[in-house]
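Please work through the exercises below with the structure in view, trying each task before reading its solution.

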Amino acid sequence: MPRPILATVHAAALSHNLARARAAAPDARVWAVVKANAYGHGIERVFDALRSADGFALLDLVEAQRLRALDWRGPILLLEGCFEARDLELCSRLGLWHTIHCDEQIDMLAAHKTQVAHRVFLKMNSGMNRLGFTPERYRAAWTRLNALPQVEEISLMTHFSDADGARGIAHQLQAFEAVTHDLPGERTLSNSAAVLRHGPAIAEKSDWVRPGIAVYGSSPDFPEHSAADWGLLPTLTLASKIIGVQHLVAGDTVGYGSSFTADGPLRIGVVACGYADGYPRHCTTGTPVLVQGVLTRMVGRVSMDMITVDLTPVPDAGTGSEVTLWGRAAGGAVLPVDEVAQSAGTVAYELMCAVAPRVPFSTD
């Protein structure tokens, strides 16, 4: 039989989370962000659940082609725009909308010979300091784009750096509005944290919102708020089974480096999941795990193909018992991916995107 590890995408949860984002910004249209192969879930696996979105946003031209192959005829936005001049031809052919964040992209568009004018999103660097034109240069970039026959429509765009924390969005929103208040065009401003935390502040200022991680059941401001606090459901479960049991006595150690030492009698279960499956190697003793839906802990180091878990809270568990690394157990218990990510010193985005190709997927 195949190795028992399995990743399951929960379609109903995806639809629910998208609706939750829409409810938080009821007057805006919603981009379902599906970059990084839908945050590791797989574009083809999430498509039906998310097709009620007004558009899809991503980075990769190949992923855009996959969406068109699924017969999506609505808007697709390239969040980082085109990387080479030849990408513009594919944008024309696939009907893609694309971001303009630098002079070089305007140069490419000005030199592009096309009979199909482009819908572009001009990005402002309002304080994130990644991509975009600074407020001082934004209007000049808009004027240049507006003069190009290759451009049909210009939308206005920025990205919030601190929507998930105390600093908030006011400083960036002020910078954006000061420059764009009299410019025509639709606006897209808000990521998951801005949608959920600052909905009233952006209610009349954002024609499109861009929920990403919230759609996939993770809280954008964990641990201040959990996914359940925001009414989000887990969309990806990574599960496996116990493939062996060991009985320890005081002084016995577990795994490479003997990083865990038993202080008394202890049963541990060996689970078919390791860092080659995408489970973070830097998880340490105490990382939460569900065994038969009961909360317990990982002990020792993560190996390439195995982890070990404390079976004390589950005395009847043994070889073949269900193990939920994150997500929803068969009986309904939930281990939030955010909690596992916190133990690994990272964020849920990384765990979802890192599930390895050797892990089989299913959809329910």
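**Exercise 1.** Find how much space lies in the second largest cavity, and state which residues line it.

*Solution.* The second largest cavity holds about 40 Å³ of space, in a model that is predicted, so that local features need pLDDT of at least 70 and side-chain atom pairs count only at pLDDT 80 or more, while totals for chains, interfaces and linings use all residues. Residues are numbered from 1 along each chain as its sequence is written, and side-chain values use heavy atoms, with hydrogens and water left out. On a 1 Å grid over the protein atoms alone, a cavity is a set of points where a 1.4 Å probe fits but cannot get out, a pocket is an open set with protein on both sides within 12 Å along at least five of seven lines, and lining residues have an atom within 4 Å of a point. Grid points are joined across faces, edges and corners, and a volume is the space filled by probe spheres set on the points.

The lining of this second largest cavity consists of Cys82, Leu88, His98, Thr99, Ile100, Gln105, Met108 and Leu109. At least two of the lining residues come from β5 and at least two from α6 (103-111), where helices (H or I, at least four residues) and strands (E, at least two) are DSSP runs numbered from the N terminus. By class, the lining has five nonpolar, three polar and no charged residues; Ala, Val, Leu, Ile, Met, Phe, Trp, Tyr, Cys and Pro count as nonpolar, Asp, Glu, Lys and Arg as charged, and the others, Gly among them, as polar.

**Exercise 2.** Describe the lining of the largest cavity by class.

*Solution.* The volume of the largest cavity is about 50 Å³, and among the residues that line it are Lys123, Asn125, Arg130, His159 and Gln172. Sorted by class, the lining comprises three nonpolar, five polar and two charged residues.

**Exercise 3.** Locate the largest pocket and say which element gives the largest share of its lining.

*Solution.* Begin with the volume, which for the largest pocket is about 780 Å³. The pocket is lined by 35 residues, of which Lys35, Tyr39, His159, Asn191 and Tyr349 are the closest to its centre. Two or more lining residues are given by each of α2 (35-39), α9 (192-197), α11 (337-343) and α12 (348-353), and the largest share, three residues, comes from α11. The lining divides into 18 nonpolar, nine polar and eight charged residues.

**Exercise 4.** Trace the order of strands in the closed barrel, and then look at how β2 and β3 are joined.

*Solution.* The closed barrel has eight strands in the order β2-β3-β4-β5-β6-β7-β8-β9, with parallel pairing; two strands pair if DSSP finds at least two bridges between them. Strand β2 (residues 29-33) and strand β3 (residues 55-58) run parallel and are joined by three bridges, and alanine 32 stands opposite phenylalanine 56 in β3.

**Exercise 5.** Is alanine 36 buried or partly exposed, and is asparagine 129 buried or exposed?

*Solution.* Alanine 36, in helix α2, has a phi near 55°, a positive value in a residue other than glycine. Alanine 36 is partly exposed, with a relative accessible area of 42%, since buried means under 20%, exposed over 50% and partly exposed in between (1.4 Å probe, protein chains only). Asparagine 129, in the loop between β6 and α7, also has a positive phi, of about 60°, although it is not a glycine, and asparagine 129 is exposed, with a relative accessible area of 60%.
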